[in-house]
Amino acid sequence: MPAETMIQCEALTKRFGHFTAVDHVSFSVGKGSIFGFLGPNGSGKSTVIRMLCGLLEPSDGQGRIAGFDVARQTEEIKPLIGYMSQKFSLYDELTVHENLSFYGRLYGLKGAALKQRYDELVALTHIEPYIGRRAGLLSGGWRQRLAMACSLMHHPTVLFLDEPTAGIDPVARRELWDLLFEFSSKGMTLFVTTHYMDEAERCSHVGYIHMSKLVVCGEPDDLKQLPVVNPPGTKRIDVTCDHVTTGLQVVRRLPGVRTATVFGQSMHLLVDEKMSEGFIRDELAKNKIPQADIRPIAPSLEDVFVALTATGNNGGPK
Amino acid sequence: MRTPFRGFTAILYKEFLVVLRDPLTLFFMLFPPIVEMIAFGYALDTDVKHMATLVFDEDRTEESRSLVKQFENTQTFKIVGEVQSVTELAAAIRKGKAYVGIQIPPGFTRNLRAGRTAKVQVLIDGSNSSIAASALNTSLNVGFRNGLLTLTERFGLRELPVEVRPQILYNPEMRSPNFFVPGVIGIVLQIATVFATAMSLVRERERGTLEQLLVSPLSRWGLMLGKLAPYLIISMVMAVGLFAIMRYLFHVPIAGDLGALAAATFFYIFTLLSLGLLISTRATNQIQALQMTMITILPSVFFSGFIFPRETMPDIFYAISTVLPATYYIELERALVLRGASLADFWFNLVLLAAMGLALFSLCALRFKKKIA
């Protein structure tokens, strides 16, 4: 069932002088989905968000939010979108209560409607104990919650979150994602930039931007099936052993091993399909790394992005 | 919802909270103007009185002592001591121990009585020209008056043949605070107000909150008015305080209509706050905003007629003075405070101030881009 398209980019481009920050980026996001936008620092993630929020004029191409053109119909778009910037833009000298009231009023809420929405968001974010505290004195996790509550005061249908979990503790991170799923289930469209691969895995759709270009875009499971990620005649295996760094040197020298990367206490290998597990185990044992545990694995999103960045391949299901 | 001032009340609510929440900012907005006002007011007192004066009296008669007394009675000179030689007198002036030296040669009384010219020498330190001019005039006056009185006596006249009776209007004691302090208010208001709004948008830009405002349906007119209004109220309160200081500390009476003064001050402050906002839309950080604010202040100090009369300025400076709000405000203020002029005589200044304010304010709103970078 194709959902109604809420965010659409057609060859969206932003140039700053001679530098192209966003180069012909095209994708679309359906209503109620959580779109994870990934890419290294400086790859153009924030620039895309800023163009979609009407903060930056696109140099070329088109962006649409709920059918409205981001360059020409900015004022129609503004009531529809919520934006939580990287810095959690709050007024530090105002209390939690005052920040919420201010953002509500800014969007024209007043009286009973303001009070009702305020109560809803206080309940949703559990920020009640800190209601009288100045925003500047909140910890990172609570600042993030407050910033999110502020960006939700006006019932946006599309919410942009620019690295909402940067610098936040794991518990707050998980709680934020629980909230995002809740919003998504109620039909809100979420556009989230992140550095965390585990967060990307939880998104319904992901896009990966590298050097100003969108490298790939689609559902995580589809992306993992891409031929470039799984070249014919290969398989992915996980090798768990002692001294992984030494092990990495060993396996990288073996014929038939295409790529090898350390993942914590284990290595992820892309090897020829006919390569036997026994061969790898023996070679490791020769180098004083006995009892390696080897099992087949599916590619992770990280494998997808690494493979795509390495080949410079554009494409994938849209 | 889609009014031109959309979001104004929200910004107003927030600005008031921010200003009141931060007592330090409020303090730095209100306190320096008061200090500046008092400091300026006293420092710009150019009334020359009680200048240190030394006497070298070689005559030592009743007449010579009477002459010294006449000098002292003018209030311009204060006899601080006697010396015993001209060298000593000159040395004392060179060392800065006295501004003026009076030398009465021997035979002063003898000459006077014999009907010959009785000479008196007055040495004046010319390094400060305005003080020297005052000392020169006063000492010449003492001489003339003394001479005339001697002549009338000699010819048996009862009164002087001609007497000029000047009457000083509006500032009968010719106190310099009456002239300077109203001007000081104009300048001090400019320093405090332009600075306040110049910082406000820049601070939001630096902190990233401006971006948050720009994604909201807030209109630029709403943003500008919301930013300006709280400072307009605070500045009006400050102005009341400054006029109170003028009235009760410097004893400058307010001759004119208080309502007219309030209206003039309102439009003046509105203009200055709009100027600050304009700076704030152009500057990218607080340091830049501060520098731009400083640039607007100096011409007002020198060219507005605050200290130097505009009429004697070179054309270029006169031209600059015609575009300064301070020029029109200080002129209007002096007319209202000192001369008790009615607004009917100076409506042009008031209309011009209001027009400048509205033009600057509109310029800010129109120039302000709801985009970043």
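A salt bridge is a side-chain nitrogen of Lys or Arg within 4 Å of a carboxyl oxygen of Asp or Glu. By this rule, 4 salt bridges are found across the interface of chain B and chain A. In one salt bridge, the side chains of B:Arg21 and A:Glu98 meet at 2.8 Å, N to O. The model is predicted: local features need pLDDT of at least 70, side-chain atom pairs count only at pLDDT 80 or more, and totals for chains, interfaces and linings use all residues. Residues are numbered from 1 along each chain as its sequence is written, chains are lettered from A and ligands numbered from 1 in the order in which they are written, and side-chain values use heavy atoms, with hydrogens and water left out.

At the interface, 27 residues of chain B are in contact (heavy atoms within 4.5 Å) with 30 residues of chain A. Buried area is the accessible area (1.4 Å probe) that two parts lose on being put together, summed over both. Between chain B and chain A this area is about 2900 Å², and carbon and sulfur atoms give 58% of it. In chain B, the most area is lost to chain A by B:Arg21, B:Gln212 and B:Val215, which together account for 23% of what that side buries.

Aromatic rings form a second set of features. Rings of Phe, Tyr and Trp (its six-membered ring) pair if their centres lie within 6.5 Å; planes under 30 degrees apart count as stacked, over 60 as edge-to-face and the rest as tilted. Over all chains, the structure holds 25 aromatic pairs. One of them, formed by B:Phe179 and B:Phe180, is edge-to-face, at 5.1 Å centre to centre with 70° between the planes. Buried means under 20% relative accessible area, exposed over 50%, and partly exposed in between (1.4 Å probe, protein chains only). B:Phe179 counts as partly exposed because its relative accessibility is 34%, whereas B:Phe180 is buried, at 7%.

The ring centres of B:Phe270 and B:Phe361 lie 5.7 Å apart with the planes at 40°, so this pair is tilted. Helices here are DSSP runs (H or I, at least four residues), numbered from the N terminus. B:Phe270 lies in helix α10 (residues 258-282) of chain B and B:Phe361 in helix α14 (residues 343-367) of chain B, so the pair ties together parts that are 91 residues apart in sequence. B:Phe270 is buried, at 10% relative accessibility, and B:Phe361 is also buried, at 5%. In chain A, ring pairs link A:Phe27, A:Phe35, A:Phe37, A:Phe160 and A:Phe191 into a cluster.

How values were computed: Helices (H or I, at least four residues) and strands (E, at least two) are DSSP runs, numbered from the N terminus.
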